[in-house]
Amino acid sequence: MDMDMDNLDSKRKAPRRKGDDRVILHFDLDCFYAQCIENANPHLKSVPLGIKQKSILATCNYVARKHGVKKLMGIQEAKRLCPDLVLADGEDLSPFRDVSKQIYSLLKSYSWNGRVERLGLDEAFLDVTDVVAYNLGLVNHHCLEESWFCLSREDPERGFAFDAREVKGCVWPPDFVSDRENEGTDSLRLRLLFGSHLAFYLRQQIEGLGYTSACGISTNKLLAKLAGDRNKPRNQTTLLSSHSPVPFLDPLPLRKIPGIGSKTITAMKSLLKTDDDDDDLTVHNARTNPAVSPFALERLLAGSGGGGEKGIGQKVWLLLHGIDGSEVKPARDVPRQIGIEDTYRGLTQLSQVRTGLVQITTSLLRRMHVDLLDDVDAVTPPISPVPTSVGKGRWLAQPKTLRLTTRPYHPPSEWDKFEYNHGRVSKSAVLPRFVFDLNIEPESIAERLVEGTLMPLFHSLNPDKSKLCIGLLNVCVTNMDRAKESSRGGDIMAAFQRQREVEEIRGVAFADEPPDGEEKAEDTSDDTEVEWVEEEDEQDGVRCRLCGCVIPVFAVEAHGRWHELDEGWVEPQGG
Ligand code: DCP
Ligand code: MG
Ligand code: MG
């Protein structure tokens, strides 16, 4: 017991910072969905604009924010605050995904080490340590004001001129005074300063595509993301505190810290013996309270009932001190899976299901063309009013599996009885090869796929036709079969064909004709989707297990879809 207490005491000490050798940028686009809609309809730029999903605003532009309108606000309240608010529909995420991909590709093209990680649709981290180190090696310390930032190792003329005496954009702390005389030639300040100029240049490039953004510049992902939040919109912040990020973090509400979600906050409240509103619970409260330690957090979060991964206590403790060793993940040129879903107020007829499936599948095929074909000509310009017709290009990867997920409709009167995902079931089948034929219109492919594969899957998931009442349909392709390296310069389709032949010999089934449902479809009880928990104290909302936000029940589906796009940074507490 004494041992434990010693352990607890020694571990309560502030952890030492190490690993400040990286330069990380975090970009977050301003009012993203709103900017996408504005770019397609420029007259909306000057008016208050809200993007509607069901009966809430997914986001609103900054003109609307001046009137007090906020993200995730109910439409009624927003209209009350700003009667002139113009509403645009944001149910179809395809245009936002297209823009997201375009901006992500742009950022990727400036990375040397390929460490470009997406977070949701409108954010990205870049680890630019290597680019900055290279440029620090070139700089003339006697003529900092006329520096040149090299964007390519091969072509020294590719770059931009900058003044290396000053950090570009805002800094934190605002009154930071550098000790330039003594800082040497490779100080943390100089590295971040270089990062700030690169960030500004990249933000200008993004503006060239028509989108303004905010950026944070720091030494890890946590601090870069929080720094960028300081000055929005259309601005950037470099976190320069050379000693400790603690004064920067201390005043922030705990719930603002990525990686700290509702479970951690509940655990923290029980340690602090407080019932304060989540907004009043700051990093400082948690960090300085003697009851909070890595040991105590571990016991609550990873112990029986906590369900979190081992080491979670220490991880949270480090986050409270601004320490985050997580790497910026290398960019993937092909997503792991692509899924499209829609929600319904109870489909009772098979014909309605079929229509819904054809719509979803057509969007899915369009998405596959955008994400999996390497020919840019095949991509419709963002927010094009005309959907992509027949695509061109070569497949970078071909998914092997098609999965259908359904969930019954729960009318409002049943919301207290069932969890959001109650009754959610999935079944998979082999994805037929005609899907990759670029000479057939997506609509025709969709019809064929629905008739031959998806309807049989649907029947086996929902055998009782008399009780049909569908609230959600989700169609997803997964199990990506990548074009082999060796096929570079050769015929990628031929390489796929060879690979398939090899796998067929090994006994993996590939169907050119749709499988007959029951026989070939396999059960995949899919628990990788977002999970939701309803808590007693949240009368008119549901708390999201991933981000801890309380979401009005009617907005849960839109919020869940948003998370499913989010490839990283999920609260590491298990569920
Ligand atoms: N989004 C959503 N549901 C959420 C959060 C976000 O549908 N719970 C969507 C709408 C946003 C986009 O994702 O436009 C990006 O989310 P942000 O939180 O970055 O919000 P914005 O980009 O809209 O605004 P900001 O300028 O504050 O970044
Ligand atoms: Mg944003
Ligand atoms: Mg964002």
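Let's start with a pair of strands: E5 (residues 116–119) and E6 (residues 123–127) run antiparallel and are joined by four bridges. One of the pairings links valine 116 to leucine 126 in E6. The two strands make a hairpin with three residues between them, and glycine 120 in the turn has a positive phi of about 65°. Please keep in mind as you look around that this is a predicted model.

Are aspartate 122 and glutamate 123 buried or exposed? Both are buried.

**Around ligand 1**

The table sets it beside two others.

| Residue | Part of the residue | Distance to an oxygen atom of ligand 1 |
|---|---|---|
| Tyrosine 33 | backbone N or O atom | 3.1 Å |
| Threonine 59 | polar side-chain atom | 2.5 Å |
| Aspartate 122 | side-chain N or O atom | 2.9 Å |

How much of ligand 1 does the protein bury? Taken alone, ligand 1 exposes 550 Å², and the protein buries 93% of that. The elements that give two or more residues to the shell around ligand 1 are strand E1 (24–29), helix H2 (32–40), strand E3 (56–60), helix H3 (62–66) and helix H17 (556–565).

There are 18 residues around ligand 1, and those that come nearest are Cys31, Thr59, Tyr62, Lys71 and Lys232. By type, the residues of the shell divide into eight nonpolar, three polar and seven charged.

Cysteine 31, one of the residues that come nearest to ligand 1, sits in the loop between E1 and H2. Cysteine 31 counts as buried because its relative accessibility is 8%, under the 20% cut-off. Its backbone is worth a look too: cysteine 31 has a positive phi of about 25° although it is not a glycine. Most residues other than glycine have a negative phi.

Alanine 58 is found in strand E3. With a relative accessibility of 17%, alanine 58 also falls under 20% and therefore counts as buried. Between alanine 58 and cysteine 31 there are 9.5 Å in space, C-alpha to C-alpha, and the two are 27 residues apart in sequence.

Leucine 72 is another residue that is not a glycine but has a positive phi, here about 65°. You will find leucine 72 in the loop between H3 and helix H4 (75–81). What is its relative accessible area? The value is 38%, so leucine 72 is partly exposed.

Most peptide bonds are trans. In this model, a cis peptide bond joins lysine 232 and proline 233, with omega about -5°. Proline 233 lies in the loop between helix H8 (221–228) and strand E11 (235–239). The peptide bond from tryptophan 172 to proline 173 is cis as well, with omega near 0°, and proline 173 belongs to the loop between strand E9 (170–172) and helix H7 (188–208).

**A buried glutamine**

Our last stop is glutamine 398, in strand E13 (residues 397–408). Glutamine 398 has a relative accessible area of 0%, so it is buried. Its side chain is joined to that of arginine 433 by a polar contact of 2.9 Å.

Terms used: Residues numbered from 1 in each chain as written. Chains lettered and ligands numbered in written order. Predicted model: local features only at pLDDT ≥ 70, side-chain atom pairs only at ≥ 80, totals over all residues. Heavy atoms only, no water. Pairing = 2+ DSSP bridges. Near = heavy atom within 4 Å. Polar contact = N/O pair within 3.5 Å; in protein donor to acceptor, adjacent residues only side chain to side chain. Areas by Shrake-Rupley, 256 points an atom, 1.4 Å probe, with all protein chains shown as cover. Nonpolar A, V, L, I, M, F, W, Y, C, P; charged D, E, K, R; others polar. Buried < 20%, exposed > 50% of the residue type's maximum accessible area, 1.4 Å probe, protein only.
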